[in-house]
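The sequence and structure come first.

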Amino acid sequence: MNDEPKAANAMWGGRFASGPDAIMEAINASIGFDRRLAAQDIAGSRAHAAMLAATGIITDKDAEAIREGLLTVLSEIETGEFAFSTALEDIHMNVEARLKELVGEAAGRLHTARSRNDQVAVDFRMWVRDQCDAVGEGLGALMRALLAQAEAGADWVMPGFTHLQVAQPVTWGHHMLAYVEMFGRDRARFADARARMNESPLGAAALAGTSFPIDRQMTARALGFDRPAANSLDAVADRDFALEFLSSAAICAMHLSRFAEELVIWSSAQFRFVSLSDRFSTGSSIMPQKKNP
């Protein structure tokens with residue numbers, strides 16, 4: 001049996017005589033889910049390295065080696081060749097460890113003037129921002145499809161219901177446009193949340209900035225942010241932008257659920273307003289005549 005103590009973590013274990021217990025390592029590792037931040041993490045590191053070179057903190061030679069190495073790491077991740085390690089805890093340390101294998105000591109200078117706190121904050125903020133963009137595009141496509149339906153059925157008279165009882169006549173077009181309005185508000189909420197979150201945390205470091213002469217405006221521009229975050233504590237400690245995204249998503253999901261339920265009702269034998277393709281329907285294991293939306 002080997003009684004040698006496990007080596008301390010290379011990133012944060014400077015004062016530790018030994019590494020974490022296996023249970024602690026398993027609890028502390030986030031690579032199982034934060035690996036999806038790889039593209040944002042590498043983009044943030046490339047922008048940070050370019051800024052470090054531009055301000056004379058690292059050499060152009062080191063910055064070029066880091067840039068090329070990061071592109072190689074990104075390619076390995078995208079092609080499925082990258083070997084993720086739980087022992088390295090998270091996407092940030094996994095990327096930096098592989099970068100050191102590729103480019104050597106220059107990789108160690110990438111973390112100059114940066115903490116994992118502002119690194120995590122910028123990665124997560126960029127990822128949520130990307131999700132806002134993706135949702136906005138998806139909702140735009142859905143609204144265009146609903147508009148096409150509204151135009152096609154502008155004069156198709158159908159009953160409007162309250163409490164599932166026939167109430168007043170409406171048109172198919174009018175009903176479809178109701179959802180255009182709902183999803184338009186949803187899209188606006190995501191756009192509004194995106195605008196509010198679009199501030200760069202880079203440069204806040206652990207919580208109170210750094211004494212290195214960094215250029216926060218440069219990294220903010222490079223990463224598509226409107227400006228650097230105004231307060232370093234707020235930049236690294238707050239996650240309200242994620243909650244705002246989730247709030248917008250919950251409201252949007254309610255509208256999507258409402259529309260889906262109408263399709264379920266409208267496709268029933270009692271209504272027969274719509275018929276869904278077999279590609280988007282299921283059947284019954286005991287009643288072969290059934291088609292379930």
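Ser 30 touches Glu 89 and Asp 90, leaving aside residues up to four places away in sequence. The model is predicted. The points below are grouped by topic.

**Ser 30**
- Ser 30 sits in the loop that runs between helix H1 (22-28) and helix H2 (31-34).
- The relative accessibility of Ser 30 is 15%, so Ser 30 counts as buried, the cut-off being under 20%.

**Cavity**
- One cavity of 30 Å³ or more is present in the structure.
- The largest cavity holds about 30 Å³ of space.
- Its lining is made up of His 48, Met 51, Ala 113, Arg 114, Asp 118, Leu 202, Gly 203, Ile 214, Arg 216 and Thr 219.
- At least two residues of the lining of the largest cavity come from helix H3 (38-54), and at least two from helix H8 (216-222).
- By class, that lining has four nonpolar, three polar and three charged residues.

**Packing of H5 and H6**
- Helix H5 (residues 91-103) packs with helix H6 (residues 116-152) at an angle of about 110 degrees, and their axes are 10 Å apart.
- H5 and H6 are therefore roughly perpendicular to each other, a class that spans 65 to 115 degrees.
- On the H5 side the contact involves His 92, Met 93 and Glu 96, which meet Arg 116, Gln 119, Val 120 and Asp 123 in H6.
- The contact of H5 with H6 consists of two nonpolar, two polar and three charged residues.

Methods. Residues numbered from 1 in each chain as written. Predicted model: local features only at pLDDT ≥ 70, side-chain atom pairs only at ≥ 80, totals over all residues. Heavy atoms only, no water. Helix = DSSP H or I, 4+ residues; strand = E, 2+ residues; numbered from the N terminus. Buried < 20%, exposed > 50% of the residue type's maximum accessible area, 1.4 Å probe, protein only. Contact = heavy atoms within 4.5 Å. 1 Å grid on protein atoms, 1.4 Å probe; cavity = no way out; pocket = protein on both sides within 12 Å on 5 of 7 lines; lining within 4 Å. Points joined across faces, edges and corners; volume = space filled by probe spheres on them. Nonpolar A, V, L, I, M, F, W, Y, C, P; charged D, E, K, R; others polar. Axes fitted to C-alpha atoms, helices over the stretch in contact; angles between N-to-C directions. Parallel < 35°, antiparallel > 145°, perpendicular 65-115°, else oblique.
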